[in-house]
Amino acid sequence: MTPFIRLHKDDDVVIARTQLIGGTSIESITTRGLIPPGHKVAARALNTGDAVRRYNQIIGFASKPIAPGEHVHTHNLDMGPDKGDFARDYAFGADVKPAPARREASFMGIKRADGRVATRNYIGVLTSVNCSATAARAIADHFSRQTNPLALAAFPNVDGVVALTHGTGCGMDDKGMGMQILERTLTGYATHANFAAVLVVGLGCEANQINAWLATGNLSEGDNFRVFNIQDTGGTRKTVDKGIGLINEMLPRANAVQREPCSASHITIGLQCGGSDGYSGISANPALGAAVDLLVAHGGTAILSETPEVYGAEHLLTRRAVRREVGEKLVERIKWWEHYTEINGGEMNNNPSPGNKAGGLTTILEKSLGAVAKGGTSNLEAVYEYAQPVDTHGFVYMDTPGYDPVSATGQVAGGANLICFTTGRGSAYGCAPSPSLKLATNSALWRKQEEDMDINCGEIIDGASTVAEMGQRIFELVLATASGEKSKSEAHGYGQNEFVPWQVGAVM
């Protein structure tokens with residue numbers, strides 16, 4: 001096995017498979033100095049201003065002369081004088097391909113009365129505003145299997161009672177974009193298939209008035225959906241007691257379910273990557289992409305997101321757009337983000353993070369080219385704004401920030417009933433009510449943080465597995481998890497604190 005990985009014959013760099021010392025022979029060159037694992041090595045001489053290619057795509061420009069065998073990173077590679085603003089061929093629909101032959105697979109799901117299918121069976125406690133968060137958590141804590149196991153002892157089919165609180169809901173324009181996003185997010189969770197019942201707790205005087213939200217979301221109270229305010233109830237203790245009483249009424253109905261065979265077409269996966277490294281675009285991301293192609297062939301849905309982390313690679317997605325307007329909507333969202341970062345004093349290359357750079361990623365262009373691999377090769381069927389209901393099967397896109405909890409919150413609001421999360425530096429993320437699977441990009445991470453990782457895609461780097469083989473394993477793990485098998489993050493109790501709706505606009 002070679003000490004390096006060449007991704008394309010025309011690439012200007014190769015990737016260190018393990019740490020390389022100076023004098024290591026790579027193709028017809030010799031490395032100069034220490035090269036960390038996952039980092040780039042120049043495969044040829046590069047002059048200042050030369051475009052540098054990885055995946056046969058531009059990842060940046062040489063900021064100084066680079067000799068063959070030299071370490072290529074932030075000290076000699078940047079976005080160029082135009083900060084990555086170079087021509088890209090969007091070629092809308094050029095790579096659209098015939099739909100794959102339909103395949104059939106099943107998982108043990110929970111069928112709701114309205115035809116939706118769940119992968120989990122929770123009761124949720126939502127809040128309209130941060131001011132009611134403490135009361136909501138106290139209600140859910142009463143039903144904790146760790147501190148009060150008797151509360152749910154008679155309801156084994158209920159996965160738990162979770163409080164999903166947030167830090168906004170007031171001090172904002174009640175008709176603005178931020179409020180629209182919050183309302184969409186809360187509606188998506190209130191109607192999520194993985195919730196058997198939902199309780200919403202407000203304060204009473206907030207900008208996000210519960211009655212106005214109910215009207216906007218076409219929601220109404222019923223046996224399994226109840227709302228009330230602290231101010232109307234008479235205080236915190238009375239609110240907590242009332243919430244506990246309402247959930248006790250909901251529990252027998254929520255428990256009256258059983259898992260049964262369901263088509264894999266009912267699975268919707270939110271695709272995430274966090275703590276990416278130089279291996280992400282070689283191992284876990286393309287392996288997840290292979291699993292996505294399998295899911296799509298089975299009629300399921302996968303949601304790619306994190307718009308700041310597809311920046312510079314969006315042309316690879318527009319080529320797969322089934323209609324020109326689908327590709328144009330993605331480009332429009334990219335342009336929105338360029339404007340949004342500019343007016344806030346930033347730029348798109350503020351992403352990658354320090355951890356990404358330590359792992360070998362230099363520019364957002366490089367990070368994005370690896371990130372889009374999570375989406376496989378299937379046609380791009382639709383583009384959604386944050387937290388919009390995903391009503392199209394197949395591979396779709398949702399505009400979200402790159403910050404993983406915010407991004408995944410939007411995907412779950414859109415209907416994702418499972419999350420797949422790749423990581424190279426490590427992650428302890430979890431999600432409720434949708435289980436989250438974490439995929440390690442390298443074996444060193446797997447060995448160090450196995451208690452948080454669900455599968456080791458580092459076997460691809462090690463030569464022990466192929467991308468296709470790992471994709472099949474991921475797909476099978478998705479089916480098992482959707483059937484009720486617990487993910488590592490679920491075993492640790494993650495999920496309640498990771499509900500983070502996207503906050504946009506002035507705090508007033």
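Q: Is Arg-226 buried, partly exposed or exposed?
A: This is a predicted model, in which local features need pLDDT of at least 70 and side-chain atom pairs count only at pLDDT 80 or more, while totals for chains, interfaces and linings use all residues. Residues are numbered from 1 along each chain as its sequence is written, and side-chain values use heavy atoms, with hydrogens and water left out. Buried means under 20% relative accessible area, exposed over 50%, and partly exposed in between (1.4 Å probe, protein chains only). Because its relative accessibility is 29%, Arg-226 counts as partly exposed.

Q: Which side chain meets Arg-226 in a salt bridge?
A: A salt bridge is a side-chain nitrogen of Lys or Arg within 4 Å of a carboxyl oxygen of Asp or Glu. For Arg-226 the N to O distance is 3.3 Å.

Q: Which salt bridge of Arg-333 links distant parts of the chain?
A: Arg-333 forms a salt bridge with Glu-332, the closest N and O atoms being 3.4 Å apart, and Glu-332 is partly exposed at 38% relative accessibility. Arg-333 also forms a salt bridge with Asp-399, with the closest N and O atoms 2.7 Å apart. In this second pair, Arg-333 belongs to helix 8 (residues 324–343) and Asp-399 to the loop between strand 20 (394–398) and helix 11 (404–414). The pair that links distant parts of the chain, 66 residues apart, is Arg-333 and Asp-399.

Q: How many salt bridges does the count come to?
A: Side chains of opposite charge can pair when their charged atoms come close. Salt bridges that share partners join Lys-40, Arg-54 and Glu-366 into one network. The count comes to 22 salt bridges.

Q: Where does Ser-276 lie?
A: With a relative accessible area of 3%, Ser-276 is buried. Leaving aside neighbours within four places in sequence, Ser-276 is in contact (heavy atoms within 4.5 Å) with residues including Gly-355, Lys-367 and Arg-425. Helices (H or I, at least four residues) and strands (E, at least two) are DSSP runs, numbered from the N terminus. Ser-276 lies in the loop between strand 17 (268–273) and helix 6 (284–297).

Q: In which helix does Leu-445 lie?
A: Leu-445 is buried, as its relative accessibility is 2%. Among its contacts beyond four places in sequence are Thr-423, Ala-440 and Met-453. The C-alpha atoms of Leu-445 and Trp-502, 57 residues apart along the chain, are separated by 30 Å. The helix that holds Leu-445 is helix 12 (residues 443–448).

Q: What is the radius of gyration of the protein?
A: The radius of gyration is taken over C-alpha atoms, and the globule rule is 2.2 Å times the number of residues to the power 0.38. Because the protein has 508 residues, a compact globule would have a value near 23 Å, with which the protein agrees. Its C-alpha atoms fill a box of roughly 75 × 45 × 45 Å along the principal axes. The radius of gyration of the protein is 24 Å.

Q: What percentage of the residues in the protein is buried?
A: The secondary structure comes to 15 helices and 23 strands. Of the contacts with a separation of 6 or more, 70% are between residues 24 or more positions apart. Among the 508 residues, the buried share is 59%.
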